[in-house]
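Reader: Before we look at any detail, could you show me how to read the packing of side chains in a model like this one?

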Amino acid sequence: MKKLFISVLLIFQIFAFTTFAQNKYSVVDDRCGLLSQSEVSILQQKASEIAEQYDCGVYIAVVENMEYGSDVVYADAFGIEAYAQYYFFTNNLGTGESGDGVFLVMSMAERDYDIMAHGNFGNYAFTDYGKEKLA
């Protein structure tokens, strides 16, 4: 019985670690329900492919407003760029030693968005000029 319990526990830990690693590498977070489940799946698949190819996390979030749970610090006063950074670091996004990641966040209440890059590769691939042109 003890061996069975340990085996089940190990399988659960491996599954949890694998799931966490996949989600850490690419995440599509639609908190507003604007996307269908198939659209989320397609975006998640594409984000995962890009993330694996370039070893840089790819993240997308659609939020109702720039409040984060009970933390209202990032409502209008600091802007969408500050909210994007807060969301990125609060959720421990990014991969590798430099935390490489590219993050698109859209806030529906404020009708605003930001494309954020972080880490050596993230900033190399998405310069401010490049993000401006992409927008």
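Author: A nonpolar core is a set of buried Ala, Val, Leu, Ile, Met, Phe, Trp, Tyr and Cys residues joined through side-chain atoms within 4.5 Å, where buried means under 20% relative accessible area, exposed over 50%, and partly exposed in between (1.4 Å probe, protein chains only). This is a predicted model, in which local features need pLDDT of at least 70 and side-chain atom pairs count only at pLDDT 80 or more, while totals for chains, interfaces and linings use all residues. Residues are numbered from 1 along each chain as its sequence is written, and side-chain values use heavy atoms, with hydrogens and water left out.

Reader: How many residues does the largest nonpolar core have?

Author: In soluble globular proteins, nonpolar side chains tend to be buried together. Here the largest nonpolar core has 13 residues, and those with the most contacts inside it include Tyr-83, Tyr-87, Phe-88 and Phe-103. At least two residues of this core come from each of β2 (57-63), α3 (79-90) and β3 (101-107), these helices (H or I, at least four residues) and strands (E, at least two) being DSSP runs numbered from the N terminus.

Reader: What is the angle between the planes of Tyr-83 and Tyr-87?

Author: A pair of aromatic rings is described by the distance of the centres and the angle of the planes. Rings of Phe, Tyr and Trp (its six-membered ring) pair if their centres lie within 6.5 Å, and planes under 30 degrees apart count as stacked, over 60 as edge-to-face and the rest as tilted. The search of the whole structure finds six aromatic pairs; one of them, Tyr-83 with Tyr-87, is tilted, at 6.2 Å centre to centre and 50° between the planes.
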